[in-house]
Amino acid sequence: MISNQAKAHIALLSVNMIYGANYLIAKGLMPDKIGASALVFLRISGAGLLFLILKFFIKEKVEKKDIPRLLLCGFLGVATNQFFSMNGLSLTSPVDAAIIVTAMPIFTVIISYFLLKEPLTMYRILGISIGGIGAILLIYLGNSELGTGSLKGNIFIGINALAFSFYLVIVKPMMVKYKPITVIVWTFLFGFIFMFPLCIGQLLDTDFSSYQISNWISLCYVVIGPTFLAYLLNMFALQFVKPTVSSSYIYVQPAVAMLLVAGMTYFIVDSQYRGDITVAKLLCCVLIFIGVYLISSNGSLSWLRRK
């Protein structure tokens, strides 16, 4: 029989493989089949509805004084995060997006220093410096004519990572005080309210009648996989392993994205992603990984990896 520890590791591996594949699958839908903002609408509303169904089985109320914080969590962790994530991905390479997101712990340490007054050790300063250089260089490489990367798209992905980093710091007290599903439902509710006026127009303009079966499958994957299912698997895993263990699996995401892009480039002669994987980008990836390792090796991010 498989132990709960083993199940947790399988769940974490699955979560990050889902995220890694999502960069390519979501990119395949945008912008020809659906606009990025319309996809954001479907992700937030679809996953939010599924979380709401689960909430019916958990009776828990939140205090009025916590509503403003949950509102901010919804704005940063759902609306802003999803909006810039999908709009950035629609403009840039799935490889660039997957790598830039791994710099999230670097942003989180900087934010924690200013908001929570967490001390900056030499390891953290060195990690921030090395990882920051890698992230900045990678974002700038979006200006290259090679591949499908773009400077604007990479900046959007950077904003997405920054917004989610703020969310991780702000949501911490809520995750301690309430059950995770309660926090999720409230953040998705407020995220939906913020997102609605920005995305509803593009959704109404989407021509779903042109969809083939493969498009519907991809759409269901994006709505259910990396938003609803991945979060549930993460919550299951965190019952049996430390958050620091969960965080180590984030490096699976760019690896999966790169493998899928490499496979498409190999099997499809005129693949649009030819040129997305370069030596320069791989070096940026290494710099970010080293930076995050130096930061997390101090144990300073243990509570921040409940993603």
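Patches are made of residues with over 30% relative accessible area and no salt bridge, like charges being joined within 9 Å and nonpolar side chains (Val, Leu, Ile, Met, Phe, Trp, Tyr) within 5 Å; a salt bridge is a side-chain nitrogen of Lys or Arg within 4 Å of a carboxyl oxygen of Asp or Glu. The model is predicted, with local features needing pLDDT of at least 70 and side-chain atom pairs counting only at pLDDT 80 or more, while totals for chains, interfaces and linings use all residues. Residues are numbered from 1 along each chain as its sequence is written, and side-chain values use heavy atoms, with hydrogens and water left out.

The chain averages a pLDDT (the predictor's confidence in each residue, from 0 to 100) of 83, and 86% of the residues score at least 70. Over residues 299-307 pLDDT stays under 50, and for this stretch the model has 36 contacts (heavy atoms within 4.5 Å) beyond four places in sequence.

On the surface, a nonpolar patch is formed by Ile 110, Tyr 113, Phe 114, Leu 115, Leu 116, Leu 120, Met 122 and Ile 125, which together have about 740 Å² of accessible area, a value from the Shrake-Rupley method with a 1.4 Å probe, for which only the protein chains shown count as cover. Helices α5 (104-115) and α6 (122-141) each supply at least two of the patch residues, and α5 gives the most, with 4; helices are DSSP runs of H or I, at least four residues long, numbered from the N terminus. Met 122, in helix α6, counts as exposed because its relative accessibility is 64%, where exposed means over 50%, buried under 20% and partly exposed in between (1.4 Å probe, protein chains only).

In the interior, a nonpolar core is a set of buried Ala, Val, Leu, Ile, Met, Phe, Trp, Tyr and Cys residues joined through side-chain atoms within 4.5 Å. The largest such core has 69 residues, of which Met 30, Ile 34, Leu 39, Phe 51, Met 86, Tyr 167 and Leu 219 touch the most other members. Apart from it lies another core, of 8 residues, among them Ala 8, Ala 11, Leu 12 and Val 252. Leu 39 touches Ala 26, Met 30, Ile 34, Met 86, Leu 219 and Val 222, residues up to four places away in sequence not being counted. The peptide bond from Met 30 to Pro 31 is cis, with omega near -5 degrees, and Pro 31 is found in the loop between α1 (4-29) and α2 (36-55).

Helix α3 (residues 67-91) contains Asn 81, which is buried because its relative accessible area is 10%.
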